[in-house]
Amino acid sequence: MTNMKERLQSDLTDAMRAKDDIRRSTLRMLIAAVKNAEIAAMHPLTDSEVVAVTRSQAKQRNDSITEFAKAGRQDLVDREQAELDILVTYLPQLAGREAVEAAAREVIAETGATSVRDIGKVMPVLMKRFGDAADGKLISDVVRSQLGA
């Protein structure tokens, strides 16, 4: 299997051949972000680090969509959404709410957490268990709801 950087470069070439402007510009932006991260880290990025950069770029698009929607700029919302749709194809599937809820119940029982004050006991265990496989905000929301916040 090829690594993420090779896949991005190959997909960029395909987008250029297909004259797919939005995919081309999105992939160029992502490749540039990966190269900047490599420069900052001073070593070639692993696939998991490339996924982290991609996740960061997707989060930026989500934030931009929210802000543009507030400002009433539907044209920019549409562009950001198109970029986000492309970025999501390079991210691993995240764990669903049901899986997070089940794991949170287990960890809450294991740690003996009883109130929101105990969130500090539960969150690190869940974050370690899921790693990049679940959204941190989702985990936090589930834990808060189960601890009665």
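A pocket, as the word is used in these legends, is an open set of grid points with protein on both sides within 12 Å along at least five of seven lines, and its lining residues are those that have an atom within 4 Å of a point. The views below are taken from a predicted model.

**View 1. The largest pocket and the residues that line it.** About 500 Å³ of space lies in this largest pocket. Of the 17 residues that line the pocket, those closest to its centre are Arg-55, Lys-59, Asn-62, Leu-94 and Asp-135. Helix H3 (47–71), helix H4 (74–88) and helix H7 (136–146) are the elements that give two or more residues to this lining, and H3 gives the most, with four residues. Sorted by class, the lining of the largest pocket has eight nonpolar, four polar and five charged residues.

**View 2. Asp-63 and Lys-59, joined by a salt bridge.** Side chains of opposite charge can pair when their charged atoms come close. Here the side chains of Asp-63 and Lys-59 meet at 3.3 Å, taken from N to O. Because the two residues are four apart in helix H3, Asp-63 and Lys-59 are separated by about one helical turn. Asp-63 has a relative accessible area of 40% and is therefore partly exposed.

**View 3. A salt bridge between Arg-129 and Glu-106.** The closest N and O atoms of Arg-129 and Glu-106 are 3.1 Å apart. The pair links distant parts of the chain, since Arg-129 is in helix H6 (residues 119–130) and Glu-106 is in helix H5, 23 residues apart. Arg-129 counts as partly exposed at 39% relative accessibility, and Glu-106 counts as partly exposed at 43%.

View 4. Lys-121, at 43% relative accessibility, counts as partly exposed, whereas Asp-118, with a relative accessible area of 13%, is buried. The structure holds 16 salt bridges, and Arg-61, Arg-79, Glu-80 and Glu-83 are linked in a network of such bridges.

**View 5. Val-100 in helix H5 (residues 97–111).** Val-100 has 0% relative accessibility and so counts as buried. Leaving aside residues up to four places away in sequence, Val-100 touches Ala-95, Phe-130, Ala-134, Leu-138, Ile-139 and Val-142. The C-alpha atoms of Val-100 and Lys-59 are separated by 20 Å, and the two residues are 41 residues apart along the chain.

Notes: Residues numbered from 1 in each chain as written. Predicted model: local features only at pLDDT ≥ 70, side-chain atom pairs only at ≥ 80, totals over all residues. Heavy atoms only, no water. Buried < 20%, exposed > 50% of the residue type's maximum accessible area, 1.4 Å probe, protein only. Contact = heavy atoms within 4.5 Å. 1 Å grid on protein atoms, 1.4 Å probe; cavity = no way out; pocket = protein on both sides within 12 Å on 5 of 7 lines; lining within 4 Å. Points joined across faces, edges and corners; volume = space filled by probe spheres on them. Nonpolar A, V, L, I, M, F, W, Y, C, P; charged D, E, K, R; others polar. Salt bridge = Lys/Arg side-chain N within 4 Å of Asp/Glu carboxyl O.
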